[in-house]
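Let's walk through this structure together, one region at a time. Have the sequence and the 3D view open as you read.

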Amino acid sequence: MRLLLVEDDSSISQPLKAGLEREGFGVELATTGAAALQAGPVDLVLLDLGLPDLDGRVVCQNIRSTSKVPIIVVTARQDEIDRVMLLELGADDYVVKPFGFRELVARIRAVLRRSGSGANDTEPVEWGPLRIDRRVRQVEFNGEQVELTPKEYDLLAALAADPGAAVTREQLISDVWDENWWGSTKTLDVHIASLRKKTDPGLVQTIRGVGFKLAESITEP
Ligand code: CA
């Protein structure tokens, strides 16, 4: 995964670049809006709005006008950015400075998953008896096609993005519903229950106090 980090402040960009590289991302750094617009293709753009040469909003619109690459905008508190403005700019998400590194990485991964630009996103996921064909959103279990609702599919795909890894409830809600979703978290449990019913009760394991993961192996009853 290659990221373009657009940030003029080296006291932010240098540690951020090093941290993201430790997370396994390739990081290309642009310190001006002009450099950002000339950068080669990447998998995600992390764009500071306060740039020395061009208005970050213009940079965002320009990138979006030529590319579908996911964009996460980084704003200062005084930018007073709102979601409507973000949509108009074509950004996928935003973080407000100062932000936590962990939060940022979680946002990056969530945006990559939502945009379907995760690694090998056209390759089917094979996990024990489970097979997910992401190009056509079809799921097979033990060789039989499973009919899932769109949300059930999104939930399973979110769990299978990194099969066997724990995914928090908050992450799943953010990925499948909306990051600013204030509905009852019971909805998540209802969908998990439905996935278990349609596949195998042991497929999705509960990690108490954390969230869920796909089972490493499913033991026959
Ligand atoms: Ca700046």
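**Where two helices meet**

Keep in mind as you look that the model is predicted. Helix 6 spans residues 150-160 and helix 8 spans residues 186-198, and their axes lie 10 Å apart at an angle of about 85°. Angles of 65 to 115 degrees count as roughly perpendicular, so that term describes how helix 6 and helix 8 are set relative to each other.

Is Y153 buried or exposed? With a relative accessibility of 6%, Y153 counts as buried, because the cut-off for buried is under 20%. Setting aside residues up to four places away in sequence, Y153 touches I132, D133, R134, R137, Q138, V139 and L148. Take I132 from that list: Y153 and I132 are 21 residues apart in sequence, and their C-alpha atoms are 9.3 Å apart in space.

R137, another of the residues that Y153 touches, sits in the loop between strand 7 (130-133) and strand 8 (138-141). R137 is partly exposed at 41% relative accessibility, and its phi is near 55°, a positive value in a residue other than glycine. N142 also has a phi near 55°. You will find N142 in the loop between strand 8 and strand 9 (144-146), where N142 is exposed, with a relative accessible area of 53%.

Now step back to the whole chain. The domain assignment gives domain 1 as 2-115 and domain 2 as 125-214, and the centres of these two domains, taken over C-alpha atoms, are separated by 29 Å.

Next, turn to the calcium ion. Which residues coordinate the calcium ion? They are D8 (OD), D48 (OD) and G50 (O), at 2.2 to 2.3 Å. Along the sequence, these donor residues follow the spacing D-x39-D-x1-G. D8 is in the loop between strand 1 (2-6) and helix 1 (10-22), while D48 is in strand 3 (residues 44-48), so the pair ties together parts that are 40 residues apart in sequence. D8 is partly exposed, at 36% relative accessible area, whereas D48 is buried, at 4%.

One last stop is a cis peptide bond, which joins K97 and P98 with omega at about -5°. P98 lies in the loop between strand 5 (93-96) and helix 5 (101-114).

Terms used: Residues are numbered from 1 along each chain as its sequence is written. This is a predicted model: local features need pLDDT of at least 70, side-chain atom pairs count only at pLDDT 80 or more; totals for chains, interfaces and linings use all residues. Side-chain values use heavy atoms; hydrogens and water are left out. Donors are N, O and S atoms within 2.8 Å of the metal (3.2 Å for Na, K and Ca); water is not among the atoms, so sites may look incomplete. Helices (H or I, at least four residues) and strands (E, at least two) are DSSP runs, numbered from the N terminus. Buried means under 20% relative accessible area, exposed over 50%, partly exposed in between (1.4 Å probe, protein chains only). Axes are lines fitted to C-alpha atoms, for helices over the stretch in contact, and angles run from 0 to 180 degrees between N-to-C directions. Angles under 35 degrees count as roughly parallel, over 145 as roughly antiparallel, 65 to 115 as roughly perpendicular and the rest as oblique. Domain bounds come from an automatic or database domain assignment. Contact means heavy atoms within 4.5 Å.
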